[in-house]
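Please look over the sequence and the 3D structure shown here, and then read the short report that follows.

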Amino acid sequence: MAFDAYQKEKAVLDHADTILAKPEGVDFEKEYRVMHRSYAKLYRLLRRLVAISDRMEKYLKDANRTISQQGKELVEAHDDLSNRNLQLEMKINEFEAIFNNSAMGIALLEPDGSFDRFNKRLCELLEELPNSLKERKLKDYLLDFGNGNGEEVGLPCPEPGEILQLESRVKTGGGRVFVAELSGKSLDPHHKEAKVIWLIDDITSRKELEKLQADVQRIMQHDLKGPLNGIINLPEIIASDDNLTTQQTELLELIASAGRKMLMQIELSRDIYRMETGSYVFYPRPVDMVAVVRKVMQEYHGMATDLGVGLLALYGGRAIKPEDRLVAAVDELLSSVMLGNIVKNALEASQAGETVRISLEEGERILLAVHNTKPVPAQILPVFFNKYVTSGKKDGTGLGTYSAYLMAKTQSCDLDVVSDDTKGTSVIFSLPRY
């Protein structure tokens with residue numbers, strides 16, 4: 001402060017002593033006023049001092065409370081950090097246990113493809129010691145991605161956020177060759193040049209089993225065709241007699257038709273196998289898609305009636321007319337089965353009173369859409385056409401949409417699914433025009 005209250009008070013007392021010592025000739029009224037002004041000024045200064053002292057006391061109390069609260073918060077933060085460090089340590093230990101004891105090989109690769117980390121199972125799969133792996137790259141063991149067995153193409157790098165799955169023959173350090181399934185994901189979803197973690201599994205036994213199953217299936221298909229020839233041909237021989245009623249003739253035709261359909265399905269199953277293995281040869285032919293839609297409508301009319309679901313076919317937004325014709329460069333059988341699978345799926349997903357629409361639209365390409373009012377579950381939508389993906393159906397296998405996808409791609413048709421809670425679900429084929 002810019003004053004000293006003690007000295008001011010002493011000055012006033014000294015002045016009073018002086019007056020008392022020399023009472024003669026002193027103007028007491030004047031001196032009193034001087035003293036009054038001095039004491040008034042002193043009083044104001046003392047009040048200001050008290051006010052400042054009170055404020056300082058309040059600020060000190062507030063500061064102490066703040067410091068105490070911050071100290072408490074620091075203790076709590078320290079305890080929370082200690083708990084988090086403990087949890088992190090436990091998670092790291094769990095991760096290390098899973099990493100090192102996984103039944104699959106795990107490799108964390110640098111952006112250049114060299115090994116950053118790997119687990120014991122990978123060393124076992126590749127028949128290498130840890131020090132040997134550190135000096136090589138994963139692609140060096142992959143026969144189908146260039147390890148000196150042809151042109152060097154390198155191991156594909158997953159796009160940010162993508163899980164990349166592929167298969168490759170692997171040649172181990174000991175010279176053994178096996179088939180591996182690899183699943184890779186970038187650790188940084190925002191940058192392409194980032195570390196990638198790969199899961200490697202030996203699927204040789206599974207591939208051999210799949211081949212055996214395919215061989216058994218082909219044998220059964222071949223053996224079934226013999227009895228089917230009798231089912232198809234005998235009704236025609238029996239129907240040639242003149243002693244049959246009209247109803248009996250119709251029943252024989254139904255038997256023959258069912259046999260022909262079964263034979264067609266056997267042939268189609270062989271074709272699906274060829275499509276999956278890439279050995280199917282597709283020859284586009286002129287096919288009237290209006291006729292295909294009518295055929296599918298007739299085939300699934302009974303199912304729609306039993307479910308109480310409407311089945312409507314449209315051409316350009318209106319009902320199909322007898323003279324309508326729209327030719328695509330596809331295969332009639334594949335197109336019929338492809339469309340039928342999606343229509344069946346839509347009918348099964350519908351409630352009584354709802355309607356499934358089959359729509360044809362003419363343009364540079366032919367758009368064929370199947371719509372129903374039920375949305376696809378959010379977790380199913382990204383993998384809607386994948387094999388074995390199904391939801392909400394008691395006996396669903398997920399093979400109907402998968403085979404439709406397979407047949408669409410075989411015929412150079414684009415296929416997409418659009419679904420939301422408001423508009424329902426539409427599966428849309430884009431077919432090449434003839």
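## Strands and their pairing

Two strands are said to pair if DSSP finds at least two bridges between them. In this predicted model, strand β4 (residues 177-186) and strand β5 (residues 196-202) run antiparallel and are joined by seven bridges. Within this pairing, Ala-180 has Asp-202 of β5 standing opposite.

## The sheet as a whole

These strands belong to an open sheet of five strands, in which the order is β2-β1-β5-β4-β3 and the pairing is antiparallel. The edges are taken by β2 (115-118) and β3 (163-171), and because each has a single partner strand, one side of each is left without a neighbour in the sheet. From one strand to the next, the twist averages 25°. As a general point, the strands of a sheet pair through backbone hydrogen bonds, either parallel or antiparallel.

## A serine in a loop

The loop between β1 (105-109) and β2 contains Ser-114. With a relative accessible area of 17%, Ser-114 counts as buried, since the cut-off for buried is under 20%. The side chain of Ser-114 makes a polar contact with the side chain of Asp-112, at 2.7 Å, and, when neighbours within four places in sequence are left aside, Ser-114 is in contact with Leu-108, Leu-109, Arg-136 and Lys-137.

## Helix α8

Helix α8 (residues 332-348) has 17 residues, and from its first C-alpha to its last it reaches 24 Å, close to the 24 Å expected at 1.5 Å a residue. At the start of α8, a side-chain oxygen of Asp-331 comes to within 3.1 Å of the backbone nitrogen of Leu-333. The buried residues of α8 include Leu-334, Met-338, Ile-342 and Ala-346.

Notes:
Residues are numbered from 1 along each chain as its sequence is written. This is a predicted model: local features need pLDDT of at least 70, side-chain atom pairs count only at pLDDT 80 or more; totals for chains, interfaces and linings use all residues. Side-chain values use heavy atoms; hydrogens and water are left out. Helices (H or I, at least four residues) and strands (E, at least two) are DSSP runs, numbered from the N terminus. Axes are lines fitted to C-alpha atoms, for helices over the stretch in contact, and angles run from 0 to 180 degrees between N-to-C directions. The expected span of a helix is 1.5 Å times one less than its number of residues. Buried means under 20% relative accessible area, exposed over 50%, partly exposed in between (1.4 Å probe, protein chains only). A polar contact is a pair of N or O atoms within 3.5 Å; within protein, one must be able to donate a hydrogen and the other to accept it, and residues adjacent in sequence count only if both atoms are side-chain atoms. Contact means heavy atoms within 4.5 Å.
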